[in-house]
Amino acid sequence: MEWFARLERAHDNIRGALNWCLSGGDEETGVLLAASMTRFWFARAYIREGRRWGQIAASKQQISARARALALRNLAFFLTYQGEAEQAVRLAEEAMTLARSVGEPSLVAWSLWGLAQATDELRDFARSERGIEHAAEEVVRGDRALRGDDLRIEREHRRGIIGRGIVVR
């Protein structure tokens, strides 16, 4: 949590950097910076801000496939939490395709997890379960940035078995 406190103190500077980068200064860096801020924005309930930066990042075309996959996956994450799961599924599917083209197992797992979250929100539990299982397989192949248990806990969380209290700023 110390890092979240540091990020909170630097938040205005980060916004400035994002604005400069994503306004043409260095779009690839901006997209990667926005992707790296996703967990902070979610944990601190900056859902609207995360979505806004996610939309800007996902709109960039002259970036690497890896950066684009991250941008699409992270935007899908925020859309899912704002009740726009159908659009989130489309973005997560595109992110998954890009992630597979990059060949980075942890990125594939992260994208599959996003797809599982969105399909779960649509109550397509069979598809969600398949996404979680495939994500867990990718984690085994990758660097284990995500663990299979984390994915299963998230599924239960999304189904409301574990309560959540998210305040949207």
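How many nonpolar, polar and charged residues does the lining of the largest cavity have, by class? The answer is 9 nonpolar, 4 polar and no charged residues, where Ala, Val, Leu, Ile, Met, Phe, Trp, Tyr, Cys and Pro count as nonpolar, Asp, Glu, Lys and Arg as charged, and the others, Gly among them, as polar. The model is predicted, with local features requiring pLDDT of at least 70 and side-chain atom pairs counted only at pLDDT 80 or more, while totals for chains, interfaces and linings use all residues. Residues are numbered from 1 along each chain as its sequence is written, and side-chain values use heavy atoms, with hydrogens and water left out.

The cavity itself may be described next. A search of the whole structure finds 1 cavity of 30 Å³ or more. A cavity is defined on a 1 Å grid over the protein atoms alone, as a set of points where a 1.4 Å probe fits but cannot get out; lining residues have an atom within 4 Å of a point. Grid points are joined across faces, edges and corners, and a volume is the space filled by probe spheres set on the points. The volume of the largest cavity is about 50 Å³. Its lining has 13 residues, of which Ala34, Ala35, Thr38, Gly54 and Asn74 are the closest to its centre. Helices H2, H3, H4 and H5 are the elements that give two or more residues to this lining; here helices are DSSP runs (H or I, at least four residues), numbered from the N terminus. The largest share of the lining, 5 residues, comes from H5.

Charged side chains provide another set of links. The whole structure contains 9 salt bridges, each a side-chain nitrogen of Lys or Arg within 4 Å of a carboxyl oxygen of Asp or Glu. One of them pairs aspartate 12 with arginine 15, whose closest N and O atoms are 2.7 Å apart. Because these two residues are 3 residues apart in helix H1 (residues 2-25), they are separated by about one helical turn. Aspartate 12 is exposed at 59% relative accessibility, whereas arginine 15 is partly exposed at 25%; buried means under 20% relative accessible area, exposed over 50%, and partly exposed in between (1.4 Å probe, protein chains only).

Other salt bridges span separate elements. Glutamate 84 and arginine 51 meet at 2.6 Å, N to O. This pair links distant parts of the chain, 33 residues apart, with glutamate 84 in the loop between helix H5 (65-81) and helix H6 (85-102) and arginine 51 in helix H4 (residues 47-58). Glutamate 84 is partly exposed at 28% relative accessibility, while arginine 51 is buried at 16%. Glutamate 93 forms a salt bridge with arginine 127, with the closest N and O atoms 2.3 Å apart. Here too distant parts of the chain are linked, glutamate 93 lying in helix H6 and arginine 127 in helix H8 (residues 125-141), 34 residues apart. Glutamate 93, at 29% relative accessibility, is partly exposed, and arginine 127 is partly exposed at 26%. Salt bridges that share partners also join Asp12, Arg15 and Glu49 into one network.

Tryptophan 3 is found in helix H1 and is exposed at 60% relative accessibility. Tryptophan 3 and phenylalanine 40 are 37 residues apart in sequence and 9.1 Å apart in space, C-alpha to C-alpha. In the loop between H3 and H4 lies alanine 45, a residue other than glycine with a positive phi near 65°. Alanine 45 is buried, at 10% relative accessible area. Arginine 123, in the loop between H7 and H8, likewise has a positive phi, near 70°, but arginine 123 is exposed at 58% relative accessibility.

Key
On a 1 Å grid over the protein atoms alone, a cavity is a set of points where a 1.4 Å probe fits but cannot get out, and a pocket is an open set with protein on both sides within 12 Å along at least five of seven lines; lining residues have an atom within 4 Å of a point.
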